[in-house]
Amino acid sequence: MTVADMGNYYNWNGSAPEPNWQVQTKSSDDTEHQRSVYSAARFFLLADPLALVAGARYTEWSTGGMTSSFSKDKVSSYAGLIYDINDTLSAYVSYTSIFQPQDNRSVNGNYLAPIEGKNYETGLKSDWLDGRQTASIVLFRIEQDNLAVATRSMGRAIRLTTVRKV
């Protein structure tokens with residue numbers, strides 16, 4: 001449709017012809033498989049108000065189709081220290097490694113690598129009325145690699161690329 005097809009703007013009733021929609025390009029044989037197992041434990045250290053929470057998750061991930069495939073496995077770990085200041089207030093610090101598979105593709109049609117990184121967190125949590133009311137204040141830092149970002153390339157074409165975010 002061109003501007004001439006619309007005629008006088010002030011007389012236009014808002015109608016437009018139906019666009020010629022293209023068939024989706026994703027192949028019907030694209031598959032994604034993910035298997036994982038995790039374990040976690042809580043240990044009370046030195047004194048009853050101090051606890052260590054630790055765990056790990058093993059993930060196998062693969063995806064593929066006619067045009068591209070990708071496979072990766074990873075162990076993601078996490079650990080945290082929790083100190084109960086009193087019956088309603090706790091302070092904590094934690095670390096978590098990040099492994100997040102994604103099905104985004106690059107402009108060339110290749111699967112992007114999973115998002116990987118680290119998360120650091122510290123904060124205070126409070127709990128009142130048997131858990132019916134909670135509050136928290138948190139400070140955190142997340143570092144991620146392979147984060148899919150839409151970018152402009154070659155005029156107005158939009159493509160996905162990966163970047164490191166800190």
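**Entry 1: Ile115**

I started with Ile115, which sits in strand β5. I took strands (E, at least two residues) and helices (H or I, at least four) as DSSP runs, numbered from the N terminus. This is a predicted model, where local features need pLDDT of at least 70, side-chain atom pairs count only at pLDDT 80 or more, and totals for chains, interfaces and linings use all residues. Residues are numbered from 1 along each chain as its sequence is written, and side-chain values use heavy atoms, with hydrogens and water left out.

Is Ile115 buried or exposed? I found Ile115 buried, because its relative accessible area is 12%; buried means under 20%, exposed over 50% and partly exposed in between, with a 1.4 Å probe and protein chains only.

Next I looked up the contacts of Ile115, meaning heavy atoms within 4.5 Å. Leaving aside residues up to four places away in sequence, Ile115 touches Ile98, Phe99, Gln100 and Gln102, and also Gln144, Asp145, Asn146 and Leu147.

**Entry 2: Ser126**

I then moved along strand β5 (residues 115–128) to Ser126. Ser126 is buried too, since its relative accessible area is 11%. With residues up to four places away in sequence not counted, I saw Ser126 touching Thr88, Leu89, Gln133, Thr134 and Ala135.

**Entry 3: the second largest pocket**

I looked up the second largest pocket and read about 180 Å³ of space. A pocket here is an open set of points on a 1 Å grid over the protein atoms alone, where a 1.4 Å probe fits, with protein on both sides within 12 Å along at least five of seven lines; lining residues have an atom within 4 Å of a point. The volume is the space filled by probe spheres set on the points, which are joined across faces, edges and corners.

Which strand gives the most to this lining? I found β4, with five residues. β2 (50–64), β3 (69–84) and β4 (89–100) each supply at least two. Among the lining residues are Gln34, Arg57, Tyr78 and Phe99.

**Entry 4: the whole protein**

I finished with the overall picture: one helix and seven strands, in the order α-β-β-β-β-β-β-β along the sequence. Of the 166 residues, 18% count as buried. Among contacts between residues at least 6 apart in sequence, I noted that 43% join residues at least 24 apart.
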